[in-house]
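Open the model in your viewer and keep the selection tool ready. Here is a short tour, stop by stop.

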Amino acid sequence: MPTALPLQGVRVANFGWVWAGPVVGQTLGFLGAEVYKIESRARIDLTRMLPPFGEGVRDPDRSLSNHACWAGNGSVTLNLKKPEGQALARQLIATCDVVVENFGPGVMESLHLGYEDLRAVKPDVIMFSMPAAGLDGPLKDVRTYGLSLTSMTGLDSVTGYRGGPPVPVENAFSDPYNGIMGAFAILVALTYRDRTGTGQHVDYSQQEAVMQMVGPAFMDYAINGRIAGPIGNCHPLGVAAPHGVFPCAGEDRWISIAVLSEEEWQGLVAAMENPAWAQAPDFASPPARVRNIDGLHNRVAAWTRGFDDRDLARLLQHHGVAAAPVSNVADLLHDPHFRARGTFVEVQHPLGFRETIYGAYVKTSRTEVSVRTGPRIGQDNDFVFKELLGIPEERYRRLVQEQVIY
Amino acid sequence: MSDGALQGTTVIELGHMVSAPYCAKLFADYGADVIKVEPPDGDIARRWGPFPGDQPHPEKSGLFFFLNTNKRGVTLDVTRTTGRDALLQLVRRADVLIENHRPREMREWGLDYASLSQANPDLVMISITPYGQTGPYSEWNGYDLNAFHLSAAGHRYCGRPGEPPLEHGTFAADFYGAVTAAAWGLAAVYGRRRAGGGQHVDVCCAEAIAATFVGGQNIGGYAQDGVFERRTGIGMPLGAPATILPCKDGHVWMLALEPGQWNGLARVMGNPEWTQLEMFQDMYVRAQNRDAIYPLIEQWTMEHGKWEIMEQCQANGCPVTAVFTVAEAAEHPHLRERGYIVDLEHSELGRIRDIGAPFKLPASPGGPRRPAPLLGEHNAEVYGTLLGLSTEDLARLRRDGVV
């Protein structure tokens, strides 16, 4: 029985940098695609310099966060400021199915790597561009960071404590989200290409992709003209109570509890050993509980406060209540659930140190996913330039010396 | 059903609420024929709203509408033998089944992967649940909120110290799981021949976020050095300015880290003297002096509107953006010009605005074209034409309450 990975035979040139673009390549790489990140020592990607480093040695090949986020991409180095570097990039692209980039609109054109340039060397190429706000429109040149991109979607405006100001999310949730959604977009385009023989230039606006998550609040605006504000941990449609995060014993320990059905409410009441307040008219029906959600949450919090979060989750689950511990970063490594699922794996980096990265975060029953370490800069240069592109040794040495392959 | 890229792919959705329906919507938006199978009393999302004038009506939920465009809808009680049999007949004709029920329920209904793959070995079954199909919590009850906070995303990145960790104000874990499932699931379909047949794709929403968002940035450092960080309530604690600040008419995402960005911001503010102080010359030093710098910047932002601030900062090389309200996002000329917001006609809701395609494929456009199905709208079409049931058979199933 064939056991090839589903994307074996798909080759990707990934010009993506920082986080979202590399995750596109990683996602396809997990599933068998051959992915080469094209980068350069002339302008080292800033995420390669993010601490902490493997064994504490500051080096662009040892950033631990970079490795986890980039694992699965290969790496070749090309100085794209030099015309010969651009020509080699086009030569590589001629052998590829997909080209990924997350620069601003126009940057690839200025490097003579625009869609028309690529089509000239590979007529059915799929070019995947993922600028912040798309390839055209009045905001196309807007400058954002991954963590502030969400401000242009409405998502930040509904994130925060209820009734208070927006609270910023302190890292770019939208980057890996867009990286994974980007892989889906490419697979849609590959499906189309295989059926019709036609490639295309995918216009992936990160703003538009992320704004999909605002669908629930958008519809309330579209239908009722209502403009949502921050909702805390409440149900986005306001149909459930209790629905929140409650304190537990210990430092910064919490539990999430979501009660959607009458059965779950009865389970919670039973777990709390039937306190008298739970029978009050204020909490007698779902609409009453939603109306009096603050008072309800205060009473539930007074009860949860004394419990260990894990013990309490088990107790509530025993009563059929949707409750789970609120993890901190350390818990991710120790939690029996993530351990059982093999979410994180320790691997040996070719440079000799051990590092912990995430493995197959989706489980596939037939496919054994390919898990690799973070790429060293230029680790695939020999293979790509000499074998794939057939560049003779002498020219290869010259290109390295002249810092074209660099 | 359409000329989209995924034309020819048949998807059965046995989903409710958000995750599985959104995943199936992504397939439907790009041309797959998606048949949504609802229980006789409908997907729970039909009861969640938002409803016009807050008047509940099973055909008028805005959330249900948004999540189910372009699909055909049938009703079926899969907990009964005749219902299960009809579902298996649909599965035999399908490429993909997308579901988000608890694993035990699928087993009890005889619809677990072992049973479905027997009916159709080429089937790609996509399961999207808060905790996944395996592991000690797999049979736990859970919703979006539980999955999100199990991932550590809130504890690490959102909320003020001493106060509860926060989720984004939406079904963030459900959406994240749905998108992850769409990518991995479509890869399994695309490479089905290479991989040797169908398979079960098990997505745990908590795990997808724990790995790719929180773990990616934090787990290597924690595993090596044994230290970890937690939320601060500030956008970026190590550099400044990098946070959300109030302004005259709302909020802005204030960002000026690199020297060029900081100089640009100073210019826009009219180069006040304090911007030249030694303590504000470097993003890291500014962050150490955040108690001094944020009130100074805020004094200026409070005198200006968000659009003016965004426009001038952007023009001066500083990546400040307005915090768009949902209305401002919905009405923004940029999104209008790009055709992101679309109008659809629905028999109960009338003309309704909807969010368009998540990405643009010029050669094979996607996005919502047909409204979400009414409850059981395509029963006759699907059971009659596709499965070849006679009018009498269908009437009998209706009488028995299976359809």
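Select B:Gly388. This glycine follows H17(B) and has a positive phi, near 70°. The model is a predicted one.

Now step back to the helix itself. Select residues 379–386 of chain B, which form H17. Which residues of this helix are buried? Colour B:Asn379, B:Val382 and B:Tyr383: these are buried. Look down the axis of H17(B). The buried residues fall within an arc of 90°, so they line one face of the helix. An α-helix has 3.6 residues a turn, so residues three or four places apart point the same way.

Turn to the other side of H17(B). There, B:Glu381 and B:Thr385 are exposed.

What covers the buried residues of H17(B)? Show strand E2 (33–38), strand E3 (72–75) and helix H18 (391–399) of chain B; the cover includes these three elements.

Move to chain A. Select helix H1 (residues 20–30) and helix H7 (residues 174–196). Their axes come within 7 Å and cross at roughly 50°. That angle makes H1(A) oblique to H7(A). The crossing is right-handed.

From H1(A), show A:Ala20, A:Val23, A:Val24, A:Thr27 and A:Leu28. They meet residues of H7(A), among them A:Pro176, A:Gly179, A:Ala183 and A:Ile186.

Last, zoom out on chain A. Colour domain 1 (11–204 + 341–401) and domain 2 (243–334), as the domain assignment gives them. How many Å separate their centres? Taken over C-alpha atoms, the separation is 42 Å.

Conventions. Residues are numbered from 1 along each chain as its sequence is written. Chains are lettered from A and ligands numbered from 1 in the order in which they are written. This is a predicted model: local features need pLDDT of at least 70, side-chain atom pairs count only at pLDDT 80 or more; totals for chains, interfaces and linings use all residues. Domain bounds come from an automatic or database domain assignment. A residue is buried if 20 or more other C-beta atoms lie within 10 Å of its own, exposed if 12 or fewer, and partly exposed in between; C-beta atoms are placed from the backbone. Helices (H or I, at least four residues) and strands (E, at least two) are DSSP runs, numbered from the N terminus. The arc is that of the directions from the helix axis to the C-beta atoms. Two residues are in contact if their C-beta atoms, placed from the backbone, lie within 7 Å. Axes are lines fitted to C-alpha atoms, for helices over the stretch in contact, and angles run from 0 to 180 degrees between N-to-C directions. Angles under 35 degrees count as roughly parallel, over 145 as roughly antiparallel, 65 to 115 as roughly perpendicular and the rest as oblique. A crossing is left-handed if the near helix is turned anticlockwise from the far one by less than a right angle, and right-handed if clockwise.
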